[in-house]
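Hi everyone, thanks for coming. Let me put the model up on the screen, and then we can walk through it together.

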Amino acid sequence: MIAVAAMTYRSYGECRTAFEQLCADVAELPGGVHHTSEGNGWVWGLRDRSGGAVAVSSRAYERHSTCQAAYERFRALLSDLGSGGLIPWDDVE
């Protein structure tokens, strides 16, 4: 698992629309790496334009550099999906 949504969705369609928008907007969205709330690890998060969390790391990382690399890979993956229109579950309804 790469990431988790920072909110819940009422339906598959609502979730899919939000994910497609995330892929399309990822270059403009702020985010970064920070300590866990317990302060004993690192997590990353991606925020929407209003500052609300939209995606977060699925786990805490022991090292800042590992967390930063995972965050950068996630952003690159979203960018690739958004630019190529390759949503991984296009045949799912």
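Let's begin with Tyr71, which counts as buried, at 7% relative accessibility. Keep in mind as we go that this is a predicted model.

Now, which residue pairs with Tyr71? That would be Trp44: the two rings form a tilted aromatic pair, 5.8 Å centre to centre, with 50 degrees between the planes. Trp44 sits in strand 3 and Tyr71 in helix 2, so this pair ties together parts that are 27 residues apart in sequence. Trp44 is buried too, with a relative accessible area of 1%.

How many aromatic pairs does the structure hold? There are two, and ring pairs link Trp44, Tyr71 and Phe74 into a cluster.

Let's turn to the core. The largest nonpolar core has 18 residues, and Trp44 shows up again here: along with Leu22, Leu46 and Leu78, Trp44 touches the most other members.

Leaving out residues up to four places away in sequence, what does Leu22 touch? Its contacts are Leu29, Leu46, Val54, Ala55 and Leu78. Two of those names, Leu46 and Leu78, were in our list of residues that touch the most other core members.

Methods
Residues are numbered from 1 along each chain as its sequence is written. This is a predicted model: local features need pLDDT of at least 70, side-chain atom pairs count only at pLDDT 80 or more; totals for chains, interfaces and linings use all residues. Side-chain values use heavy atoms; hydrogens and water are left out. A nonpolar core is a set of buried Ala, Val, Leu, Ile, Met, Phe, Trp, Tyr and Cys residues joined through side-chain atoms within 4.5 Å. Buried means under 20% relative accessible area, exposed over 50%, partly exposed in between (1.4 Å probe, protein chains only). Contact means heavy atoms within 4.5 Å. Rings of Phe, Tyr and Trp (its six-membered ring) pair if their centres lie within 6.5 Å; planes under 30 degrees apart count as stacked, over 60 as edge-to-face and the rest as tilted. Helices (H or I, at least four residues) and strands (E, at least two) are DSSP runs, numbered from the N terminus.
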